Amino acid sequence: MTAYAIAHLRSVDFGPEIVRYLEEIDDTFTPYGGRFVVHGVEPEVHEGPWPGHVVVVEFPDLEQARAWYRSPAYQAILPLRTEHSDSSAILVDGVPPGYRARDYLAKVGRG
């Protein structure tokens, strides 16, 4: 099942460290089948506050996303982002084709 790495970048010190991070991150995805699906766009906010930007990277599955995050190549550049931004990052599974919101009810024992 497709999985995603999602980052919420609330503020970024756009100095040489972030430039280096951006120059090097794409190559870290290649061995794990990752690709940007959302990057560098201004969000259209409809509810609540949303300071900053969101980044979404797609992977073939959660194991590949975990392997990418833990990889020496990504760990080597990770401090370039974490030390120069106020941000959060998560890994999440996607949903299978045909998924419907009500499917969640069975998952939590309410359906």
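Ala 3 is buried, because its relative accessible area is 0% and buried means under 20%, exposed over 50% and partly exposed in between, with a 1.4 Å probe and protein chains only. The model is predicted: local features need pLDDT of at least 70, side-chain atom pairs count only at pLDDT 80 or more, and totals for chains, interfaces and linings use all residues. Residues are numbered from 1 along each chain as its sequence is written, and side-chain values use heavy atoms, without hydrogens and water.

Ala 3 sits in strand β1. A contact means heavy atoms within 4.5 Å. Leaving aside neighbours within four places in sequence, Ala 3 is in contact with residues that include Val 57, Phe 59, Leu 62, Ala 65 and Val 92.

Now step back to the chain. It has 4 helices and 4 strands. Here helices (H or I, at least four residues) and strands (E, at least two) are DSSP runs, numbered from the N terminus. From that end, the elements run β-α-β-β-α-α-β-α. The C-alpha atoms fill a box of roughly 50 × 35 × 20 Å along the principal axes. Of the 111 residues, 28% count as buried. Among contacts between residues at least 6 apart in sequence, 76% join residues at least 24 apart.

Next comes the interior. A nonpolar core is a set of buried Ala, Val, Leu, Ile, Met, Phe, Trp, Tyr and Cys residues joined through side-chain atoms within 4.5 Å. The largest such core has 18 residues, and Ile 25, Phe 59, Trp 68 and Tyr 74 have the most contacts inside it. β1, α1, β3, α2 and α3 each supply at least two residues of this core. Ile 25 touches Phe 36, Trp 68, Tyr 74 and Ile 77, not counting residues up to four places away in sequence.

Aromatic rings are the next topic. Rings of Phe, Tyr and Trp (its six-membered ring) pair if their centres lie within 6.5 Å; planes under 30 degrees apart count as stacked, over 60 as edge-to-face and the rest as tilted. By this rule there are 8 aromatic pairs. Trp 68 and Tyr 69 form an edge-to-face pair, because their ring centres are 6.0 Å apart and their planes stand at 70°. Tyr 69 and Tyr 74 form a tilted pair, 5.6 Å centre to centre with 50° between the planes. Trp 68 is buried at 4% relative accessibility, and Tyr 74 is buried at 2%. Tyr 69 is partly exposed at 30%. Ring pairs link Tyr 21, Phe 29, Phe 36, Phe 59, Trp 68, Tyr 69 and Tyr 74 into a cluster.

Last, the largest pocket. On a 1 Å grid over the protein atoms alone, a pocket is an open set of points where a 1.4 Å probe fits, with protein on both sides within 12 Å along at least five of seven lines; lining residues have an atom within 4 Å of a point. The largest pocket is lined by 27 residues, with Ala 7, Leu 9, Tyr 21, Val 55 and Arg 81 nearest its centre. β1 gives the most to this lining, with 7 residues. Other elements that supply at least two lining residues include α1 (16-29) and β4 (85-93).
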